[in-house]
Amino acid sequence: MKAIINEGCIGCGLCASTCEEVFELNDDGFAVVSGKVTKDNIDDAHEAEENCPVNVIVIED
Ligand code: SF4
């Protein structure tokens, strides 16, 4: 499983605060994938996917 962030992030920070094991903000303030999706963090990763205001996060199997 892995996370993908498509173009269009507005840097709201929600994903990084929801699932810090998988997402972080880069120096420009936009989200990047910082870690793997695992069985321990997938619920939080999906929560970030569902709540991203611009729907740019995809969690792939
Ligand atoms: S939740 Fe979406 S818009 Fe907000 S920082 Fe993460 S990827 Fe960007």
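The legends below describe close-up views of one predicted model.

**View 1. The whole chain.** The chain contains 2 helices and 4 strands. Along the sequence they follow the pattern β-α-β-β-α-β. The radius of gyration is 10 Å, close to the 10 Å that the globule rule gives for 61 residues, so the chain is as compact as a globular protein of that length. Its C-alpha atoms fill a box of roughly 30 × 20 × 15 Å along the principal axes. Of the 61 residues, 21% are buried. Among contacts between residues at least 6 apart in sequence, 54% join residues at least 24 apart.

**View 2. The surroundings of the ligand.** The ligand is surrounded by 14 residues. The closest are Cys9, Cys12, Cys15, Ala31 and Cys52. Which classes of residue make up this shell, nonpolar, polar or charged? The shell has 12 nonpolar and 2 polar residues, and no charged ones.

**View 3. The largest nonpolar core.** This core has 12 residues.

View 4. Ala3 lies in strand β1. Is Ala3 buried or exposed? Ala3 is buried, because 25 other C-beta atoms lie within 10 Å and 20 or more are enough to count as buried. Leaving aside neighbours within four places in sequence, Ala3 is in contact with Val22, Phe23, Val33, Val37, Ala45, Ile57 and Ile59.

View 5. Helix α2 covers residues 42–51, and its buried residues are Ala45, Ala48 and Glu49. Why do these residues lie on the same side of α2? They cover an arc of only 100 degrees around the axis, which puts them on the same side. An α-helix has 3.6 residues a turn, so residues three or four places apart point the same way. On the other side of α2, Asp43 and Glu50 are exposed. The buried residues of α2 pack against two strands at positions 2–5 and 23–25, which are β1 and β2, and also against α1 (14–18) and β4 (57–60).

**View 6. Leu25 in strand β2.** Leu25 has its place in strand β2. With 17 other C-beta atoms within 10 Å, Leu25 is partly exposed. Apart from neighbours within four places in sequence, Leu25 is in contact with Gly11, Gly13, Ala16, Phe30 and Ala31. One of these partners, Gly13, is 12 residues away from Leu25 along the chain, and their C-alpha atoms are separated by 6.9 Å.

**View 7. Asn55 in a loop.** Asn55 lies in the loop between α2 and β4. Asn55 has a positive phi of about 55 degrees although it is not a glycine. Asn55 counts as exposed, because it has 11 C-beta neighbours inside 10 Å and the limit for an exposed residue is 12 or fewer.

Conventions
Residues are numbered from 1 along each chain as its sequence is written. This is a predicted model: local features need pLDDT of at least 70, side-chain atom pairs count only at pLDDT 80 or more; totals for chains, interfaces and linings use all residues. A residue is near a molecule or strand if its C-beta atom, placed from the backbone, lies within 6 Å of it. Ala, Val, Leu, Ile, Met, Phe, Trp, Tyr, Cys and Pro count as nonpolar, Asp, Glu, Lys and Arg as charged, and the others, Gly among them, as polar. The arc is that of the directions from the helix axis to the C-beta atoms. Two residues are in contact if their C-beta atoms, placed from the backbone, lie within 7 Å. A nonpolar core is a set of buried Ala, Val, Leu, Ile, Met, Phe, Trp, Tyr and Cys residues joined through C-beta atoms within 7 Å. The radius of gyration is taken over C-alpha atoms; the globule rule is 2.2 Å times the number of residues to the power 0.38.
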